[in-house]
Amino acid sequence: MEEGAGPVMVASTDETVVAAPAVRPNPKSRAVGSARTRGSLSLLLSNTGIRLLVPVLILAAWWALSQSEVGSLIVAAPFDAFERVFTDFFSADAGRLFLGDATFDHFVPSVYRAMVGLLLAVVIGVALGVALGIVPVLTALFQPLIHLGRSLPSPALLGVFFFLFGTGDSPKIFLIAFSVVWPILFNTIDGVQSVGTGRMQTAAVFKISRWNVLAHVILPGAAPKIFAGVRTAMSLSLIIMIISELQKAENGLGYLLIQTQRNFDYTGFWSVLIVLAALGVALNFIFVFVERRALAWHRGVTQQND
């Protein structure tokens, strides 16, 4: 239809003709929509560029150091290190899920120890934190012992855990759990105590059972701080995982770091560091995804109160 045409004749169901005004496109609205699209695209590109700036600078500094006279002795070139990652940790065999020997021999055992130790710390930390947060007398009673355990340097206790639990996976898992349980425990206690007496008194007035109060009042109210503690513990679990595999270990990424260093295989050493960095980034993305799904209600309440 040409611009400026008259009304459009629309036939109704009773075969009468009804005049309907012509719908004309609004050039102004289309211009506004196009401007918004361009603005969103430019903002996305700007944010992506800013996020990629630091990694690019790190790679450039890494490459420059690997080309220097002194740094080239112990620093492998980035291309060689990344090529070694694909050579050792990946394969062309579809039956092995395109994974290499180093993935099954070292990567999987390390992730297993870290995640089992973290899960054990979450169970113990949340359970004890809820109990201590609900009963202030228990908090006052066990507070000196808790601060003593937190103050102990975990790497120094590696020999103690080997002596108590042998040389298999058990001492490494228990050392990881002992090392990372403290931020979860303290954040859980703080989160439970921050729920407030108002909601607890409301639950008592309506005679809500203790289990429902725990499941629907205490744990949801403490969940944001619990997740914050778990996020800190997750980062620590990777550090303690490496430390626990430096001695009396037959596999793992920490063991692989020591072996490549002792054999002066610096390309392999840097490839393991790349895998560790990728593992930390992947776990962080997964945790953020789970946290956003679990605490979606909390963000909505916070935005309403702001």
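A salt bridge is taken here as a side-chain nitrogen of Lys or Arg within 4 Å of a carboxyl oxygen of Asp or Glu, and a search of the whole structure on that basis finds 7 salt bridges. The model is predicted, so local features need pLDDT of at least 70 and side-chain atom pairs count only at pLDDT 80 or more, while totals for chains, interfaces and linings use all residues. Residues are numbered from 1 along each chain as its sequence is written, and side-chain values use heavy atoms, with hydrogens and water left out.

**View 1. Packing of helix α2 against helix α10.** Two packed helices are described by the angle between their axes and the distance between the axes. Helix α2 (residues 78–89) packs against helix α10 (residues 266–294) at an angle of about 75°, and their axes are 8 Å apart. This makes α2 roughly perpendicular to α10, a description that covers angles of 65 to 115 degrees, with those under 35 counted as roughly parallel, those over 145 as roughly antiparallel and the rest as oblique. The axes are lines fitted to C-alpha atoms, for helices over the stretch in contact, and angles run from 0 to 180 degrees between N-to-C directions. Helices (H or I, at least four residues) and strands (E, at least two) are DSSP runs, numbered from the N terminus. In contact terms (heavy atoms within 4.5 Å), Asp 80, Ala 81, Phe 82, Arg 84, Val 85 and Phe 89 of α2 meet Thr 267, Gly 268, Trp 270, Ser 271, Ile 274 and Val 275 of α10.

View 2. The closest N and O atoms of the Asp 265 and Arg 84 salt bridge are 2.6 Å apart. Asp 265 lies in the loop between α9 (253–262) and α10, and Arg 84 in helix α2, so the pair ties together parts that are 181 residues apart in sequence. Asp 265 is partly exposed at 22% relative accessibility, and Arg 84 is partly exposed at 23%, where buried means under 20% relative accessible area, exposed over 50% and partly exposed in between (1.4 Å probe, protein chains only). Arg 84, Asp 88 and Asp 265 are linked in a network of salt bridges. Thr 260, in helix α9, counts as buried at 7% relative accessibility; leaving aside residues up to four places away in sequence, Thr 260 touches Asp 265, Gly 268 and Phe 269.

**View 3. The salt bridge between Lys 225 and Asp 190.** In this salt bridge the closest N and O atoms of Lys 225 and Asp 190 are 2.8 Å apart. The pair links distant parts of the chain, with Lys 225 in helix α8 (residues 210–244) and Asp 190 in helix α6, 35 residues apart. Lys 225 is partly exposed, with a relative accessible area of 33%, and Asp 190 is also partly exposed, at 39%.

**View 4. A nonpolar surface patch that includes Leu 145.** Leu 141, Phe 142, Leu 145, Leu 148 and Leu 152 make a nonpolar surface patch of about 490 Å². Leu 145 belongs to helix α4 (residues 136–151) and counts as exposed at 55% relative accessibility. Patches are made of residues with over 30% relative accessible area and no salt bridge, like charges being joined within 9 Å and nonpolar side chains (Val, Leu, Ile, Met, Phe, Trp, Tyr) within 5 Å. Accessible areas come from the Shrake-Rupley method with a 1.4 Å probe, and for residues only the protein chains shown count as cover.
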